[in-house]
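Please open the structure in your viewer and keep the selection tool at hand.

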Amino acid sequence: MQSLTLGPFAIDSSGTLAPRAPGLRPELRFAWRGRPCRAALDPDAVRLAAIAARIPSTADPAGDRPGALAAMAELPPVMPDGWRLRLLPDHQVCLEAREALDGPPTAVALVTRLVRFALALDPYLERLEAAGTDPPGTAKTCPG
């Protein structure tokens, strides 16, 4: 049976997702609380990422840059295993995770992991907001 095409994915008769063409790295982009996010599919895992906040610039006298940086530094010890925090060159804060798949990559498995990731982001977004970070800038998503 021929596969069904859904965006960058090919779906076979068993519901397994695969890249539509060899060499493609399909991903699903979504937003959570106004933040750009992505879920990229690997053969054995889903890579998830979100632009969580932006550290205020030194050019912004009203911004609490030291407080925002301190809050960012406090996150890694309380984040789940496998999560990573990066400060991008444009001062945006990227939170990333990798979740293993228990079986073949399906649409249900992909959506389950992206929803779980989005819900788990909330306490970190709230901590960053409370520390005076700015909303995310114009980045489309964390660089892969």
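Select Cys-94 and Cys-142: both residues are buried, where buried means under 20% relative accessible area, exposed means over 50%, and partly exposed lies in between, with a 1.4 Å probe and protein chains only. The model is predicted: local features need pLDDT of at least 70, side-chain atom pairs count only at pLDDT 80 or more, and totals for chains, interfaces and linings use all residues. Residues are numbered from 1 along each chain as its sequence is written, and side-chain values use heavy atoms, with hydrogens and water left out.

**The disulfide**

Display the sulfur atoms of this pair. A disulfide joins Cys-94 to Cys-142, with an S to S distance of 1.9 Å; the term denotes a pair of cysteine sulfur atoms within 2.5 Å. The pair links distant parts of the chain, 48 residues apart: Cys-94 belongs to strand S8, whereas Cys-142 lies in the segment after helix H2 (107–130). Helices (H or I, at least four residues) and strands (E, at least two) are DSSP runs, numbered from the N terminus. The torsion about the S-S bond of Cys-94 and Cys-142 is about 125°, so the disulfide is right-handed. How many disulfides does a search of the whole structure find? The search finds one.

Next, select Cys-37. Cys-37 is itself buried, with a relative accessible area of 1%.

Select residues 45–54, which make up strand S6. Nine of its ten residues are buried, so S6 is largely enclosed by the rest of the structure. Strands of a sheet pair through backbone hydrogen bonds, either parallel or antiparallel.

Two strands are said to pair if DSSP finds at least two bridges between them. Within this pairing, Ala-40 of the one stands opposite Arg-47 in S6. Three residues lie between S5 and S6, and the two strands form a hairpin.

S6 and S8 pair in the antiparallel sense over nine bridges. Which residue in S8 stands opposite Ile-51? The residue is Cys-94, the cysteine that a disulfide joins to Cys-142.

**Two loop residues**

Move to Arg-33, in the loop between strand S4 (27–32) and S5. Arg-33 has a positive phi of about 50°, although it is not a glycine. With a relative accessible area of 33%, Arg-33 is partly exposed.

Then select His-91, in the loop between strand S7 (84–87) and S8. His-91 is not a glycine, yet its phi is positive, at about 75°. At 23% relative accessibility, His-91 counts as partly exposed.

**The three-stranded sheet**

Finally, select strands S1, S2 and S3. They form an open sheet in the order S1-S2-S3, with antiparallel pairing. Strand S1 (4–6) and strand S3 (17–19) stand at the edges, each with a single partner strand, so one side of each is left without a neighbour in the sheet. Three bridges join strand S2 (residues 9–11) to S3. To locate this pairing, select Ile-11, whose bridge partner in S3 is Leu-17.
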